[in-house]
Amino acid sequence: MNPYTSLWTGVTPADGPQEFHVVLLDNGRTNVLADPVGRQTLACIRCSACLNVCPVYSRTGGHAYDSVYPGPIGAILTPQLRGTAEAGSLPFASSLCGACAEVCPVKIDIPQVLVHLRDRVVRAEVGSVTPERLAMKALARALGSTRRFRRAQWLGRLVQRPFVDGDRIEGLPGLSGWTRTRDLSPMPARSFRDWWRDR
């Protein structure tokens, strides 16, 4: 029996409580039930089998992505309960290896639901302007021609100077949260093409 299940037998005359009240909290689960693909998530018995085999969550820990529900099941349940606007990154925190679906005792196809939710997130963002989209467009343009790529390298070396501390970049605008917990190496003083040309 999983820890979320209890058994009640009601009341017994002249013994213990004489009233029995059941309060059902929906908490968004009716909306999950209405989704033909996502509804299978509600069959979860919280056994943690998916969490134990997941290559992502077994290394990061179940609560690493700010979800009450840990592991792969949390990656599909939380966006459905909170909404993809608030928890839309969770379906992308997966390698889609399918190990979770293989060990699930109630046969929830977690990879299928992850892909379904990823699709929902992407469709919601179509046409929206986000810093990530702008960065990807600029990167695509820079990588589209050798000349623009060389200019971008030169500009990158110039822009990084105030943020380089020894052998890493710290406090880069737009990436300061990321660089607080991870090392970001600065661009080398010379590009490989320059080095190759000189040799």
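**Where two helices cross**

Author: In this predicted model, the axes of helix H8, which covers residues 131–143, and helix H9, which covers residues 146–160, come within 6 Å and cross at roughly 120 degrees. An angle from 65 to 115 degrees would count as roughly perpendicular and one over 145 as roughly antiparallel, and H8 and H9 are therefore oblique to each other. The meeting itself involves Arg-141, Ala-142 and Leu-143 on the side of H8, and Arg-148, Phe-149 and Ala-152 on the side of H9.

Elsewhere, the structure holds one cavity of 30 Å³ or more, and the largest cavity has a volume of about 90 Å³. It is lined by 16 residues, of which Cys-54, Pro-72, Ser-94, Cys-100 and Leu-114 are the closest to its centre. Helix H4 (71–82), helix H6 (99–103) and helix H7 (110–125) each supply at least two residues of that lining, and the largest share, three residues, comes from H7. The lining of the largest cavity divides into 13 nonpolar residues and three polar ones, with no charged residue.

A search of the whole structure finds three aromatic pairs, and one aromatic cluster is formed by Phe-192, Trp-195 and Trp-196.

Methods:
Residues are numbered from 1 along each chain as its sequence is written. This is a predicted model: local features need pLDDT of at least 70, side-chain atom pairs count only at pLDDT 80 or more; totals for chains, interfaces and linings use all residues. Side-chain values use heavy atoms; hydrogens and water are left out. Axes are lines fitted to C-alpha atoms, for helices over the stretch in contact, and angles run from 0 to 180 degrees between N-to-C directions. Helices (H or I, at least four residues) and strands (E, at least two) are DSSP runs, numbered from the N terminus. Angles under 35 degrees count as roughly parallel, over 145 as roughly antiparallel, 65 to 115 as roughly perpendicular and the rest as oblique. Contact means heavy atoms within 4.5 Å. On a 1 Å grid over the protein atoms alone, a cavity is a set of points where a 1.4 Å probe fits but cannot get out, and a pocket is an open set with protein on both sides within 12 Å along at least five of seven lines; lining residues have an atom within 4 Å of a point. Grid points are joined across faces, edges and corners, and a volume is the space filled by probe spheres set on the points. Ala, Val, Leu, Ile, Met, Phe, Trp, Tyr, Cys and Pro count as nonpolar, Asp, Glu, Lys and Arg as charged, and the others, Gly among them, as polar. Rings of Phe, Tyr and Trp (its six-membered ring) pair if their centres lie within 6.5 Å; planes under 30 degrees apart count as stacked, over 60 as edge-to-face and the rest as tilted.
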